[in-house]
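Hello,

Here is the structure I promised to pass on. Please have a look at it, and then read my notes below.

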Amino acid sequence: MSEIQFEIDGRQVKAVKGMTILGAARNEDIFIPTLCHHEELEPFGGCRLCIVELEVKGWTKLVVSCVYPVEKNIIVRTRSKKIDRIRKTIIELLMAHAPFAPDLMVLAKEYGADGDRYEKDPSFCIHCGLCVRYCDEVTGKNAVGFVDRGINKEISFIPEIAQKECDDCKKCFPLCPTSYLQAAFVLTKALAFAPSQPVLSEPESFKKKVTGE
Amino acid sequence: MDKDRIDGNIELNTDQVIDGNIELNTDQVIDRVIDRNIDQDIDQDIDQLIDRIIDNYHGQASALLQILLDIQSVNNWLPGKALARISEKLEVPLSRIQHIVTFYKAFSLVPKGRHKLHICVGTACHVRGATRILDTVEQATGIKSGETDLDLKFSLETVNCLGCCALGPVMEVDGKVHAKMSPIKTSKVLKTYG
């Protein structure tokens, strides 16, 4: 394994070939904000918050650090005026979808983002893909997936699988930054799960009313 | 797979799917037993069709998209049971199949008619009166854009340009282009499709 040396925020950092910039930074306790990153999962590059400025031979470019492999002699800047501005806009765009997500509110404070900047379109999902990927890669159940595309893209539980697997698992629930996943599950449960018993039991008071007791 | 067999299958399939669908759409007071038999027939038939198509590709999961396209072209749409069957046979998670099927516009998860009507409402056709053509078709078939009629005869869709603006307004039926349409011509064309 060859070691690669490069610079993050003025510090010399060593990393192994194949690592991402984000991974190397985390090893050195350098903080880069993320929403779609998870230790156990493959890099996804969905939220774009981990964007950093990269300088190679005097040229700078913007890359997403969670999917960018480390290179020799690069200079990485995790905070700069430009980066902060981009992150602020990303947060504002995400807040149009999920205005009250705790993670986003913390980030908004840090970067001075205005949650009301863009017209609200509360879908409550920010498409981080954590639930979908966790269900695929770690638990291997594939009970939840993305459907549709573009602005209509959303997560969707497969009722047949979810009914069998989800009640005993629910490992994806704490991963969701907006709690939309829980809502989607409850909705699927209410609308699409096959009833566990053939006849719904009515409350006693209702029965009494009907029979006139 | 030879052509005749595929054709035979189209007939069998659409007929049965129609039956199944009318059942679903009208008041469901008809004898339940009959219902169940029809359902079983559809199941067996679609299962056989899928098995045959999957065998054509030697059951490789990498051929998923092609298999879906084949089923779509023979059956006109992809029933949920078909997706479950493919998922089982190819060992591809259902969630991934659903992602693919909802991503591409070529697939339909709702029944589609035997004849696909495409009305061009692109700029050139629009100024030449595409809206009048669309109105005529909507009135004649009783369906709006994006819908399918109960008999599964027509599916209506608007498109933005078919690339033959000089022929506008253009209507395309099952891939055949009908040029320079007028409302009267439109109704005549529709009558030729049964």
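Along its sequence, chain B follows the pattern α-α-α-α-α-β-α-α-β-β-β-α, which comes to 8 helices and 4 strands. Helices (H or I, at least four residues) and strands (E, at least two) are DSSP runs, numbered from the N terminus. Please keep in mind that this is a predicted model, where local features need pLDDT of at least 70 and side-chain atom pairs count only at pLDDT 80 or more, while totals for chains, interfaces and linings use all residues. Residues are numbered from 1 along each chain as its sequence is written, chains are lettered from A and ligands numbered from 1 in the order in which they are written, and side-chain values use heavy atoms, with hydrogens and water left out.

Chain A has 7 helices and 7 strands, and from the N terminus on they run β-β-α-β-β-β-α-α-α-β-β-α-α-α. Of the 213 residues in chain A, 42% are buried; for chain B the figure is 41% of 194 residues. Buried means under 20% relative accessible area, exposed means over 50%, and partly exposed is in between (1.4 Å probe, protein chains only). If we take contacts (heavy atoms within 4.5 Å) in chain B with a separation of 6 or more, residues 24 or more positions apart account for 63% of them. In chain A, 51% of the contacts between residues at least 6 apart join residues at least 24 apart.

Now to where the chains meet. On the chain A side 11 residues are in contact with 9 residues of chain B. The two chains bury about 900 Å² between them, with 56% of it on carbon and sulfur atoms; this buried area is the accessible area (1.4 Å probe) that two parts lose on being put together, summed over both. There are 4 residue pairs in polar contact between chain A and chain B, both residues being at pLDDT 80 or more. A polar contact is a pair of N or O atoms within 3.5 Å; within protein, one must be able to donate a hydrogen and the other to accept it, and residues adjacent in sequence count only if both atoms are side-chain atoms. The rule also finds 1 salt bridge across the interface, where a side-chain nitrogen of Lys or Arg must lie within 4 Å of a carboxyl oxygen of Asp or Glu. B:R96 forms a salt bridge with A:D136, and their closest N and O atoms are 3.2 Å apart. Strand β6 (residues 144-147) of chain A gives the most to the side of chain A that touches chain B, with 4 residues.

Rings of Phe, Tyr and Trp (its six-membered ring) pair if their centres lie within 6.5 Å; planes under 30 degrees apart are stacked, over 60 edge-to-face and the rest tilted. The ring centres of A:F173 and A:F185 are 5.6 Å apart and their planes are at 70 degrees, so this pair is edge-to-face. A:F173 sits in the loop between α5 (159-169) and α6 (180-192) of chain A, and A:F185 in helix α6, 12 residues apart. A:F173 is buried at 15% relative accessible area, and A:F185 is buried at 2%. Ring pairs link A:F157, A:F173, A:F185 and A:F193 into a cluster.

Finally, B:T186 lies in helix α8 (residues 183-191) of chain B and is buried, at 0% relative accessibility. Leaving out residues up to four places away in sequence, B:T186 touches B:I133, B:T136, B:V137, B:M171 and B:M181.

Best wishes
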